[in-house]
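User: Please go through this protein chain with me, one question at a time. I would like each answer to show how it was reached.

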Amino acid sequence: MCGILLTAMPASAQTVPPVLADSFPVGRGAGGQCQAQSSGRDPAIRGMFDRAWTLVCRDAARPVGQIYALRDAGTDMDALNARIASPRGAAITCGGVGGVTLPDIGLTMTRQCTLADSALPYRLRVIRRGKVTYVAQGLAAYGNALDLALRSVVTNQLIDEKAEITSLGGTDTAAFARLQAATVDPYTALGQGYRRNASGDYTQAAEYFDTLIDRLATDPDETALSPAERAIRAHEYAINRALQLSNLSAFDQADALFAQAERIDMADRVQLRLRRNFLAMHEINRGDLARAIVILDRPTADPALELSDEGGLVVTPRAAGEMNGSLPTAKALGMVQATRLTPEERAAIIDAQAVQLRGTIQRLQGDPAGARTTLERALADAIAIREGRVVSIMRLRAQLLAEIALTHEAQGDHATAESLLREGLALIAIHYPETVAMNGAQARVASFLVRHGRKDEALALYRAIIASTVENQSLLTGLTNQLQPYFALLAAEIPARPELIEDLFTASQTLVRPGAADSLEQLSRSLAAGPGDASRLFRLSLSLGRDIERTRIAIAQASDQASRDPAAAAQIPGLQQALSALTTEQTQTLAALGAYPQYRAVSKSILSLADLRTTLQPGEAYMKLAQLSDGIYAVWVDGDGATGYRVPLSTADMAAKIAGLRATISTVENGARTTYALDVPLARGLFVDLFAPVDERLAKVRHLIFEPDGAMLQLPVNLLIASQPGADAYIARIARPGSDEFDFRGIDWLGRSRAVSTALSVRAFRDSRIASSSAAANAYLGLGENARPLLTRPAALTAPAPGTIDCNWPLAQWNSPVSSRELRTAASQFSAGQAQLLTGGSFTDTALLGRSDLDSFRILHFATHGLVTAPRPVCPARPALLTSFGAAGQSNGLLDFQEIFNLRLDADLVILSACDTAGAASASETRAAGLSGRGGALDGLVRAFIGAGGRSVIASHWPAPDEYRATERLMTGLFAAPRGASMGEALRRAQVVLMDQPETSHPFYWSGFALIGDGARPLIATQ
C-alpha cells in the first residue's frame, strides 16, 4: 500500500510561469537538458519577494549554478558576489566588469571568474529590471544554459532554444536523482517522493525519502531548523520509509521506524493523521485487519487547541511553533506557490484515505454492502477538496472506484463493477500514463475479465501492460497479486496454444522481487554517483526517463482537454514531437550504456525467446521459475523449443519442503552447526514437482541453466534426485541393521551427470555468455583469514546516532576467521608468479579499496565470512564480506556490496567461499540481498561482483565445510581441471569426486557451491 501525494497540482494541463513553478526546464530539445529547481533555503533570500533557483543539468553530478531574483538588491557586483557566495562552496577570483547583450533582456553586466579550489572557469551576470536585480552565476561550461535560465526568469516565460553545453565529463560524486532531492526545496522533494510512490515507483520514492533523511542529519541548513520544523520533517520521513519497508514485508524494521516516529513529540494534525493511516496500512499488509481497525478508531482530536482559563479554545505554544515551522513564511502566506495545499486540506485528504482503508477492511471481512457505503463516503470526502482538482486525489479516486467496483462484483452486479474499474483506469491514464500505477489499474480490469471468462480480452490487456513495461524498461514489482491471473491463464492455455509461451516468457522477465528491486536501486544509486563515462550516461538516462514521464503526462492531459479546449489540442503535435526526440535520445543513451558491466548489472532490459534460444548451445536448457502470490510457474527453453507450466505446489508447500531439506543439510542447534541424513524421498519428490513435465527433455541436457525464485533461492538445485532407482536402493539399504545412513553413493543427483549454472536473470546469463574473456596478466588472487581484532573497535566507526538503533555487528564476528589453507592450496595450482595471497592484517577493506591492480587477476578467491543477514531484526541488511580492520578512523572491517560494485575488476571468475553468500538467511536481509521470503545474497554480493567486472561467481549456500577437508578438496579439484575446461564441467567433476567417497557423499560436502553466470565459459581462458 502507498501513501498519498500531499502537494497540490492542477488537474488540468496548463503551463505554470517559471517564477511560480517549483522547477522549470531550461532549453528545448529532449525535454530540456537542464532543470532550474526552486531553492527557498538559499541564504541570499532575505525577503518574501526574493527568489532563487538551482540549475541542475543531466550530465553533471552537482549543481552547475544559480539564478536569483532579488528585490532592492542594487547592482554592486562585489556586494552581490558576497551575498550569493554560499552555494559555490569555494572562493572565486574575478576580472573586471564587462557587458554582454542577451536576447529578450538586453545588456547585462558580466564578470569572468575562476573557482579557487578547481581552477574551473566561472561566470557572473547581472541585470536590473525595476526594483528587482536578476543574477546568474555558475560554471562557464554551462554558460548557455545559465543564460537561458536567466532569460526565462527575467521574461517569466520558457525560452524555446536548445541549451548548448560543454560537458565536464560528469566527474563528481552525487547521483542525479539524489542531487535533485538535495537541491530542491525539501517540500518539493517530499512531493516528488510522494508522486513516485503514487505512480508505483517505490524504489525511486525510497531514493527521495532516504535522501531527505540523510539531508536532515547532515545538511547545515537542515540542522539549523527550529525544533518544531525538525520534528515535523523527521517524523514524516520516518513514517514514509517505514511504510515502504512494510510494503516489502520487512515488518520488524517497519515496526522499529514507526516506534521511532512515535517517540517524536508531535502535535501537527497532518503528521498525526499520516501516522495513523500508515500504521493501519502496515497492519493490513501483514494481515491483521482487527489491529488496523483499532488504529483507525484512535481519536484524532486536534492537539493544537486547548482550553484557556476563560474557557475558550487557544492555540498551544508548541502547536503555534509547528504551524509556523511547517512551511517557509512566504509559502505559507501563498506568496510563492498558489496551488500548495493548506494544512487543513492535507488533513482532509488523509482523513478521506482513512475512511477508504476502513471500507477496504470491511470488504476483506466479507461485508460488501457496508464497505460500499463507507467507500462512497470516502469518495465524496475526497472530491469535496478543491472539487477533486488535485493530482493526489486522482489516484485516491481511482483506488476508491476500484474498491467500490469489487463490492458490486461481490454482489453480482458485474456491469457496474466493470464500468467503475474502467473509470478508475481512465483517471490514472491521464495523470500517471505509462507508470506502474497505470499498469496496476489495467491489471485490475484484466483480472476482472479473467474471472468472468473473457480470456481473449484479458490477454490483450495484459499484453499491453507487459509491452509498456518492456518499452519503458521498468519493473512490475508489487503487482504480483494482479498478475497472478495472467500467469494462471497462460499456464492453463499453453498445452492447447503453445505460442503463448512467448507471452509467459516475456512476462516472467518483468517480475522482480521487492528485495531484488531494492538491491538494484541501491546499486543504481552507486552507479549514478560514480565519476566515469558509465555514470555520466546513466545520469543522462535517468533524467531522460523523467522527461519522458513528464511529456507523456502533458500529452495525456492535453488529449483529455482537446475536445473542450482548442489551445490544448494545439499543444499535442509539439508534445508528441518532443516525446519522439526524447525516446530516440534515450534509445541511443541506453545502447551506449550497454558497453559497461555496471550498467548491465542493473539493467531492466529483457531478452526475447528467440534471442535466448539463439544464445543456448547444443545440449543446454534454461529453466526459469516465477513466484506470484501463491502460484509458482516454470518456463523451460531448450534446442527443441519452449514450454511453460504451473508447479503443483503452493508457495507455502514449496517453502516447507525446502526448509525440511535445509534442516537435514546445515542447521544450527544449541549454537552448533549440525548435519542430518538427507531426506531422500523429499529431495526426489521436489524434483518431480519441478521437473516432471520436462523430465524427458532434461535427460538430454548436459548443461542446465537454472533461474530460481521464491524458496528455491535458498537451495542448490543440483542436490535434487533425478531418478527413482538410486533413491529406492538407498531407502532399502538403510533399512538393514548397521547400515550407514550418511552414505549416499549410488543416488542420481541432478548435478551428477550435467553441469548446473545459476542465473540472476535471462539477460544476465546472455551478457555473461557474450562477454569477452579477461585480459588480466595474472591468474589468481586469494583473499581471506582476517586478523582477529583488539577488544574494541574505534568508537567513531561504530557509535550509532543518538536516538537510533545500534545496527553494528558484534565484534565476535571477527574472532573466528576462515582458514587460509584453502587459498594456499588453490594458489599452489598455478605457476610461479601467477598467484598472490592477501591474508591476515593485510586483508583490510581499505587496502582492497585502495588497490589499483585488482583488474590484473583473472580469478579472485575470497575465503571469509559473508554477512548477509541483519545484525538485528529491526536493522536493514547490507550484504558484506568480512575483512580485517584497517587504519583507525577509516575502516569498518567490512567490504559491503556497494563498495564491491565500485571495484574495477577484469575477472573471469570470483569465488566466495564464505558463510551463506548464496544461501539461507533471514527475511530482513532480502531487501539488500535481493531474495524473497528466506534467501541469501544472490542479488547482493553476487550482482555487485558482476557489476564490478566479474563474468561469473561461485558462491556458497551454507558455511563451507572443513570436515574431511571437503572444501579444500573441492577447490583443488576445480583448479586441477585441464586448461580450457568449462567452469561448470570443472565444478561438476570436482563434486563427483566427493559424491563418490562415502564420507563426503552427503550433499552438505559437495553441493553448496553455486556457479552464477555462464558455466560454459572456460575456467582459465587460454592466453
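Predicted model: local features only at pLDDT ≥ 70, side-chain atom pairs only at ≥ 80, totals over all residues.

Analyst: Residues are numbered from 1 along each chain as its sequence is written, and side-chain values use heavy atoms, with hydrogens and water left out.

User: What percentage of the residues in the chain is buried?
Analyst: The chain has 39 helices and 26 strands; helices (H or I, at least four residues) and strands (E, at least two) are DSSP runs, numbered from the N terminus. Buried means under 20% relative accessible area, exposed over 50%, and partly exposed in between, with a 1.4 Å probe and protein chains only. Of the 1023 residues in the chain, the buried share is 58%.

User: What share of the contacts with a separation of 6 or more comes from residues 24 or more positions apart?
Analyst: Contact means heavy atoms within 4.5 Å. Among contacts in the chain with a separation of 6 or more, residues 24 or more positions apart account for 71%.

User: Why is the pair of Tyr 730 and Phe 744 stacked, and where in the chain is Phe 744?
Analyst: The ring centres of Tyr 730 and Phe 744 are 4.9 Å apart and their planes are at 20°, so the pair is stacked. Both Tyr 730 and Phe 744 are buried. The pair links distant parts of the chain, 14 residues apart: Tyr 730 is in helix H29 (residues 724–734), and Phe 744 is in the loop between H29 and strand E17 (755–758).

User: Which residues do ring pairs link into a cluster?
Analyst: Two of the members, Tyr 486 and Phe 487, are buried, because Tyr 486 has 1% relative accessibility and Phe 487 has 1% as well. The cluster linked by ring pairs consists of Tyr 462, Tyr 486, Phe 487 and Tyr 633.

User: Which residue lies over the face of Phe 49?
Analyst: A charge sits over a ring if NZ of Lys or CZ of Arg is within 6 Å of the ring centre and within 35 degrees of the ring normal. At 4.9 Å from the ring centre of Phe 49, the residue over its face is Arg 71.

User: Which residues is Gly 74 in contact with, beyond its neighbours within four places in sequence?
Analyst: Gly 74 is in the loop between strand E4 (65–71) and helix H1 (77–83), and its 23% relative accessibility makes it partly exposed. Leaving aside those neighbours, the contacts of Gly 74 are Leu 80, Arg 128 and Thr 133.

User: Which residues does Asp 147 touch, not counting residues up to four places away in sequence?
Analyst: Asp 147 is in helix H2 (residues 143–155). A relative accessible area of 10% makes Asp 147 buried. With that exclusion, Asp 147 touches Leu 102, Arg 123 and Arg 125.

User: How many residues of helix H20 are buried?
Analyst: The buried residues of H20 include Asp 503, Thr 506 and Gln 509. Helix H20 (residues 501–509) has nine residues and is mostly covered, with a buried count of eight.

User: Which element gives the most residues to the lining of the largest cavity?
Analyst: The structure holds five cavities of 30 Å³ or more, and about 220 Å³ of space lies in the largest cavity. On a 1 Å grid over the protein atoms alone, a cavity is a set of points where a 1.4 Å probe fits but cannot get out, and lining residues have an atom within 4 Å of a point; grid points are joined across faces, edges and corners, and a volume is the space filled by probe spheres set on the points. The elements that give two or more residues to this lining are E17, helix H38 (983–995) and strand E26 (1009–1012). With four residues, the element that gives the most is H38.

Terms used:
Phe/Tyr/Trp six-rings, centres within 6.5 Å; stacked < 30°, edge-to-face > 60°. 1 Å grid on protein atoms, 1.4 Å probe; cavity = no way out; pocket = protein on both sides within 12 Å on 5 of 7 lines; lining within 4 Å.
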